[in-house]
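Please look over the sequence and the three-dimensional structure shown here before reading on.

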Amino acid sequence: MTDALVIDTPDDQKTPAWWRQAAVYQIYPRSFADSNGDGLGDIPGILSRVDYLAELGIDAVWLSPFYPSALADGGYDVADYRNVDPRLGTLEDFDAMVAALHARGIRVVVDIVPNHTSDLHAWFQEALAAGRGSVARDRYIFREGTGPDGSEPPTDWVSVFGGSAWERVEDGQWYFHNFAVEQPDLNWDHPEVRADFLETLRFWSDRGVDGFRIDVAHMLTKDLSEPLPSRAELDAMPQDGRHPLIDRDDVHEIYAEWRRVFNEYDPPRTAVAEAWVSTPERRAKYASADGLGQAFNFDLLVADFDAAQFRSIISENLAQSQLSGSSTTWVLSNHDVTRHATRYGLPALNGRPVKQGTEWVEAGGPEEMLDREGGLRRANAATLLLLGLPGSAYLYQGEELGLHEVAEIAPEQRQDPGFFRGSEFDRLGRDGCRVPLPWTADGASFGFGSAVSHLPQPGWFAQYAADVEASDPASTLSFYRRALALRHELQTGETLEWIETGRADVLRFVRPNGWQVVTNFGTEPFALDGGDVVLSSGADAAASAPGETTVWIAPAA
Ligand code: NOJ
């Protein structure tokens, strides 16, 4: 029995577009490769690894911010949107990197951070100097405080990283920051703010950038008319397009304007929204063809390694992509979450920090709870399933090496503002997935490039080094290379058809090219019939798919 999913792609989107089923590799530049030995990865470092990226077989890279920044939030505090952080290189270095990637057929996506600037941005410095009531302050969100002398914040709102969402400045006014204190939110009602981002989009598009990843795309517009609601009132409001702070319908006016700019280029520039919104229907608005065009779907990233959860997420998202006409996206790891090998290595918790009694049990540790091998086996099975799906696959640097989260970072070496402000979302913070990559098993900082990397690398990185894995056909890197090379054959259509397996813990589907993907989430082998196994995420499979393994099967020749 089959349960067919028919994706009805609108006519105007039928032309093959490179991004619709692309494998996009996320580079966190400061932790990728360091060319000048200062401990920070940089743009020439990326240039030096273009061969590695080409051999990996990805279609595009997405670069997290490389702009001038004080690194209060890993570069998501941007001081100048149209430049390269001098510690990471120059605009000429950037151009050389784009040219080298393009020469290998790899597209380039850059990160745009429009909700907030750095407090070091010229606009914010001007706002501080200009004082209350000034035009310069109107580019941000300044308010008077409450209490008899205004020394209490305007509201009891809490920032994403913990603590008050308001910060007081010298003359007594307060400014709003959804994220770190050093990330003041912009006022998107201000025409100069709107105009300036259009200039930024043109600036990078003119330099040959192919697309943009839009940071917290759902938070830009706000309704801050008085009286402001309390935190409890805010939390109780539905996120239906009219919430004062989140996922407001009026944000799409901005993206319609951006789309007109993207379409001035040939081919049109692409964009993908980072939008943590309440329903797939709301997500579809960001992905529409007259908006950003695509939106991240984080559903698998928060799911357990579980057949039923995977199946319903896949079916729902493929069906929902009809709403926007876009292709869906799949993500298991990125720079904000515990690496999926580790999440799946703590099966009971799935890597999420939970309170046991009065103690927090953290993602990534303690070591005795982590099943390193099992976690990686399940991670590779999930990755091969993801790579077999219609839509775009977003991969995060280091997952191709099978890296685990680094739990053993001393508090004084940590950088994530969420760690220091006691974020309830992630108690250990996000540094553990941002540790510089191991390129070689020996040498200073495992070949990252400097004696001391900006986050400490653990000794166990040696066994995951790229040079070791490149020469081992059984390594995770070799597996990713084979999967990405074969994946192009699956991209003949954006559909799949489920095939019932008679087992609750085994998923099986067929793609338009006739290839089947079988994932055994359980531990008992699943007998295979017909076809040739072209790839297995685990031990060689022929007659059966072993437990916790995905196989791709091609029709028998
Ligand atoms: C989402 C980014 O992915 C995250 O790293 C950052 O901290 C916040 N947005 C704020 O820019």
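This is a predicted model: local features need pLDDT of at least 70, side-chain atom pairs count only at pLDDT 80 or more; totals for chains, interfaces and linings use all residues.

Residues are numbered from 1 along each chain as its sequence is written, and side-chain values use heavy atoms, with hydrogens and water left out. Helices (H or I, at least four residues) and strands (E, at least two) are DSSP runs, numbered from the N terminus.

**The ligand and its surroundings**

- The ligand is surrounded by 14 residues, and the closest are D73, H116, D215, H335 and D336; a residue is counted as near if one of its heavy atoms lies within 4 Å of the molecule.
- Sorted by class, this shell holds 7 charged, 4 nonpolar and 3 polar residues, where Asp, Glu, Lys and Arg count as charged, Ala, Val, Leu, Ile, Met, Phe, Trp, Tyr, Cys and Pro as nonpolar, and the others, Gly among them, as polar.
- An oxygen atom of the ligand is 2.6 Å from an N or O atom in the side chain of D73, and for the side chain of H116 the corresponding distance from a ligand oxygen to an N or O atom is 2.9 Å.
- The side chain of R430 also has an N or O atom at 3.0 Å from an oxygen atom of the ligand.
- On its own the ligand has 290 Å² of accessible area, of which the protein covers 97%; accessible areas come from the Shrake-Rupley method with a 1.4 Å probe, and for residues only the protein chains shown count as cover.

**Salt bridges**

- A search of the whole structure finds 33 salt bridges, each defined as a side-chain nitrogen of Lys or Arg within 4 Å of a carboxyl oxygen of Asp or Glu.
- One of them joins the side chains of R20 and E494 at 2.6 Å, N to O; R20 lies in the loop between β1 (2-4) and β2 (23-27) and E494 in the loop between α14 (476-487) and β15, so the pair ties together parts that are 474 residues apart in sequence.
- R20 is buried at a relative accessible area of 5%, and E494 is buried at 17%, where buried means under 20% relative accessible area, exposed over 50%, and partly exposed in between (1.4 Å probe, protein chains only).
- K222 and D185 meet through their side chains in a salt bridge of 2.7 Å, N to O; K222 sits in the loop between β8 (211-214) and α6 (231-236) and D185 in the loop between β7 and α5 (191-206), so the pair ties together parts that are 37 residues apart in sequence.
- K222 is buried, with a relative accessible area of 11%, and D185 is buried as well, with a value of 0%.
- D336 and R434 form a salt bridge through their side chains at 3.1 Å, N to O, and this pair links distant parts of the chain, 98 residues apart, with D336 in the loop between β11 (329-331) and α10 (340-343) and R434 in the loop between α12 (417-420) and α13 (466-470).
- D336 counts as partly exposed at 21% relative accessibility, whereas R434 is buried at 4%.
- A network of salt bridges links D73, D336, D416, R430 and R434.

- Strand β15 (residues 497-499) pairs with β16 in the antiparallel sense over 2 bridges, two strands being taken as paired if DSSP finds at least two bridges between them, and E497 stands opposite V510.
- The hairpin of β15 and β16 has 6 residues between the strands, and G502 there takes a positive phi near 75°.
- Strand β17 (residues 516-520) runs antiparallel to β16 and is joined to β16 by 5 bridges, with N520 as the bridge partner of V506.
- The hairpin of β16 and β17 has 5 residues between the strands, and G514 in the turn has a positive phi of about 90°.

**The sheet of β5, β7 and β6**

- An open sheet of 3 strands has the order β5-β7-β6 with antiparallel pairing, and its edge strands, β5 (142-143) and β6 (166-168), each pair on one side only.
- β6 and β7 (residues 174-176) pair over 3 bridges, and W166 has F176 in β7 as its bridge partner.

Note on methods:
A polar contact is a pair of N or O atoms within 3.5 Å; within protein, one must be able to donate a hydrogen and the other to accept it, and residues adjacent in sequence count only if both atoms are side-chain atoms.
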